[in-house]
Amino acid sequence: MAMLRGGESEEIPGARWLWVGHYAVGILIALLLGAILGSFPLFHQSLFPSKLRASDVVSFMGYGGALLMFWLVGQRAAAQLEQREKTLAFLRPLIMPVVQLIVLSLGYMVLLLVIGPFLDQTAKSIYNWIFIIGIVGASLWLSFAWLRQSVPLLESLGQAPVADLRVSCLRCNALLINPGRFCEECGARLPRPSAQL
Ligand SMILES: [Zn+2]
């Protein structure tokens with residue numbers, strides 16, 4: 001008895017990804033707040049006890065929050081691809097390296113907003129190297145993930161759909177598609193199949 005596939009297939013396509021839109025709006029709001037509040041004259045004037053400007057702290061919170069949400073999107077997308085999206089599952093190993101690359105590249109400037117004023121020459125150099133190592137590491141991670149991923153992918157792409165093999169029976173002239181060794185109509189032994197497209 002043929003089983004009908006219910007449940008999942010009745011879902012609206014793409015409904016499973018609606019949450020990405022919610023995160024996108026959240027990220028946009030955080031970016032806007034960081035940019036707008038950070039440019040408020042009020043925030044420029046109020047100084048913290050140290051050399052830190054309030055505007056930089058506000059910008060850091062906005063941009064940092066946006067990066068954090070972006071990171072969460074990556075994690076959740078990776079999990080969803082693995083569990084529920086079999087056709088796109090090949091993207092899964094690439095998501096987190098890409099997310100890490102973006103977060104580190106942007107995070108370098110964002111974190112510098114609040115810790116920059118406190119770094120002397122040596123500390124700044126250490127800070128730079130931490131990010132250089134992190135970004136290079138993420139790039140290598142991405143390259144390896146892509147290589148590991150693309151080898152099976154290429155192999156499956158190389159398997160072209162096999163064309164039907166058509167063989168005419170020499171005795172009864174029946175046209176047979178993908179026959180065995182004997183004619184299905186008259187039982188005569190078939191000629192060795194040669195590919196006739
Ligand atoms: Zn035949």
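**Group meeting: helices, a core and one asparagine**

Five helices and two strands: that is the secondary structure of this chain. Keep in mind that the model is predicted. Starting at the N terminus, the order is α-α-α-α-α-β-β. The chain has 197 residues, and 12% of them count as buried.

Let's go to the core. Which residues make up the largest nonpolar core? There are seven: Ala-30, Phe-60, Tyr-63, Ala-66, Leu-67, Met-69 and Leu-113. Helix α3, residues 54–84, supplies five of these, the largest share.

Stay with Leu-67. Leaving aside residues up to four places away in sequence, Leu-67 touches Val-103, Leu-106, Gly-107 and Val-110.

Now the helix pair. Two packed helices are described by the angle and the distance between their axes. For α3 and α4, residues 92–115, the axes come within 10 Å. They cross at roughly 175°. Angles over 145 degrees count as roughly antiparallel, so α3 is roughly antiparallel to α4. What classes of residue form the contact of α3 with α4? By class, 17 are nonpolar, four are polar and three are charged.

Next, Asn-128. This residue sits in helix α5, residues 121–158. Why is Asn-128 called partly exposed? Asn-128 has 13 other C-beta atoms within 10 Å. Exposed means 12 or fewer and buried means 20 or more, so Asn-128 falls in between. Asn-128 also pairs up with Tyr-108 for a distance check: 20 residues apart in sequence, 8.2 Å apart in space, C-alpha to C-alpha.

Last, the chain as a whole. Take contacts between residues at least 6 apart in sequence: 55% of them join residues at least 24 apart.

Notes
Residues are numbered from 1 along each chain as its sequence is written. This is a predicted model: local features need pLDDT of at least 70, side-chain atom pairs count only at pLDDT 80 or more; totals for chains, interfaces and linings use all residues. A nonpolar core is a set of buried Ala, Val, Leu, Ile, Met, Phe, Trp, Tyr and Cys residues joined through C-beta atoms within 7 Å. Helices (H or I, at least four residues) and strands (E, at least two) are DSSP runs, numbered from the N terminus. Two residues are in contact if their C-beta atoms, placed from the backbone, lie within 7 Å. Axes are lines fitted to C-alpha atoms, for helices over the stretch in contact, and angles run from 0 to 180 degrees between N-to-C directions. Angles under 35 degrees count as roughly parallel, over 145 as roughly antiparallel, 65 to 115 as roughly perpendicular and the rest as oblique. Ala, Val, Leu, Ile, Met, Phe, Trp, Tyr, Cys and Pro count as nonpolar, Asp, Glu, Lys and Arg as charged, and the others, Gly among them, as polar.
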